[in-house]
Amino acid sequence: MELCINGSTTELVSLSEDLEIAAKAGYRAVEMRMPKIDAYLKHSTFQQLRAALDRHSLKVFTINSIENSTLRDSAGQREILAEVEKFARCAAELSCPWLIICPGVCPAGTPWHEILDRSAQELATIADCAWKYRVGVAFEFLGFPGISIRTPSDAWAVVRQANRGNLGITVDVANFSSGYGRLSEISALPAEAVAVFHINDLRDMPPEDAGAYDRVMPGDGVAPVAEIARELKRIGYKSYCSVEIFNHDYNRRDPLEVAKEAFAKSRRFAE
């Protein structure tokens with residue numbers, strides 16, 4: 001696996017700075033955050049952004065992320081599809097193969113078969129919208145309490161039922177741990193199931209209490225980073241390993257040093 005860096009790891013810098021930092025730190029690709037793209041396009045063009053990527057010898061692997069994308073009412077579904085349209089157009093401009101979307105909150109007492117059916121139907125519609133631009137959708141399970149899809153097997157069940165060729169799942173170490181995922185769930189996946197691998201780690205704390213900003217460098221926490229990476233390699237995942245670390249303490253440091261440290265600590269799991 002080659003290394004990629006997500007714009008959340010260098011959260012407080014601009015997209016232009018992200019590209020410069022990524023190149024200096026040794027990454028081959030970037031995972032762009034849509035708010036940073038929006039800010040960039042207020043004063044520049046896609047042509048200039050493509051030129052900057054070429055100058056730094058970088059590819060765009062994913063655009064991240066559309067939140068709360070499933071189990072919405074009719075108005076909410078229209079909002080999500082408008083976002084997908086926007087993200088997919090942007091991805092097409094940047095030759096980016098994947099958008100990341102995340103599941104919605106689970107209404108209390110909803111049985112699994114209903115969550116599965118509704119999520120798959122909505123995900124199929126999202127995938128069809130993205131495919132107008134020849135872009136794939138990577139469905140990311142989230143480990144936080146109350147979320148409808150919290151494990152690799154649940155995400156794969158939704159993707160399988162949605163039955164679209166441009167769908168896959170995102171395996172994120174922190175979400176795997178906080179959702180109490182099992183390594184056997186990854187072992188059971190076909191290689192084509194996994195679109196994106198997010199590498200990070202979790203602080204030493206009860207996983208169910210972990211928030212988005214309780215992530216740390218790979219190997220510095222208690223999540224099974226090595227085991228997850230090993231199983232992904234075993235099933236045949238050969239794409240990018242994207243460093244996604246939300247951490248307020250890291251945001252107070254030099255972003256280039258953070259990116260370099262993340263590269264060094266992630267590389268031992270990716271190789």
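Reader: Which residues of α1 and α11 meet each other?
Author: In this predicted model, the axes of helix α1 (residues 15-25) and helix α11 (residues 255-270) come within 9 Å of each other. The residues that meet there are, on the side of α11, P255, L256, A259, K260 and F263, and on the side of α1, I21, K24 and A25.

Reader: How many nonpolar residues does the contact of α1 with α11 have?
Author: The contact includes I21 of α1 and L256 of α11. By class, the contact has no polar residues and 2 charged ones, while the number of nonpolar residues is 6.

Reader: What is the orientation of α2 and α4 to each other?
Author: Helix α2 (residues 34-41) and helix α4 (residues 74-93) have axes 12 Å apart, and they pack at an angle of about 70°. Their crossing is left-handed. Because angles of 65 to 115 degrees count as roughly perpendicular, the orientation of α2 and α4 is roughly perpendicular.

Reader: Which residues make the contact of α2 and α4, and how do they divide by class?
Author: From α2 the contact takes M34, I37 and D38, and from α4 it takes K86, F87 and C90. By class, these residues divide into 4 nonpolar, no polar and 2 charged.

Reader: Which elements do the buried residues of α4 pack against?
Author: The buried residues of α4 are G76, I80, V84, E85, F87, A88, C90 and A91. Among them, F87 and C90 also belong to the contact with α2. The elements that these buried residues pack against are α2, α3 (46-55), β3 (59-66), β4 (98-101) and α5 (112-131).

Reader: How is α4 oriented to α5?
Author: The axes of α4 and α5 come within 9 Å and cross at roughly 30°. Since angles under 35 degrees count as roughly parallel, this makes the orientation of α4 to α5 roughly parallel.

Reader: Which residues make the contact between α4 and α5?
Author: Helix α4 passes α5 in a right-handed crossing. On the side of α4 the contact is made by Q77, I80, L81, V84, E85 and A88, and on the side of α5 by E122, T125, I126, C129 and A130. By class, the residues of this contact divide into 7 nonpolar, 2 polar and 2 charged.

Reader: Is A124 buried or exposed, and which residues is it in contact with?
Author: A124 has its place in helix α5, and at 7% relative accessibility it counts as buried. Its C-alpha atom is 7.1 Å from that of N163, although A124 and N163 are 39 residues apart in sequence. Leaving aside neighbours within four places in sequence, A124 is in contact with A162 and R164.

Reader: Which residues is I235 in contact with, beyond its neighbours in sequence?
Author: I235 lies in helix α9 (residues 225-235) and, at 13% relative accessibility, counts as buried. V194 is 41 residues apart from I235 in sequence and 9.5 Å apart in space, C-alpha to C-alpha. Leaving aside neighbours within four places, the contacts of I235 are I186, S187, L189, P190, A191 and V194.

Reader: Is S57 buried or exposed?
Author: Most residues other than glycine have a negative phi. S57, in the loop between α3 and β3, has a positive phi of about 55° although it is not a glycine. Because its relative accessibility is 59%, S57 counts as exposed.

Reader: What is the omega of the peptide bond from N64 to S65?
Author: Most peptide bonds are trans. S65 has its place in strand β3, and the peptide bond from N64 to S65 is cis, with omega near -10°.

Terms used: Residues numbered from 1 in each chain as written. Predicted model: local features only at pLDDT ≥ 70, side-chain atom pairs only at ≥ 80, totals over all residues. Heavy atoms only, no water. Axes fitted to C-alpha atoms, helices over the stretch in contact; angles between N-to-C directions. Helix = DSSP H or I, 4+ residues; strand = E, 2+ residues; numbered from the N terminus. Parallel < 35°, antiparallel > 145°, perpendicular 65-115°, else oblique. Left-handed = near helix turned anticlockwise from the far one by under 90°. Contact = heavy atoms within 4.5 Å. Nonpolar A, V, L, I, M, F, W, Y, C, P; charged D, E, K, R; others polar. Buried < 20%, exposed > 50% of the residue type's maximum accessible area, 1.4 Å probe, protein only.
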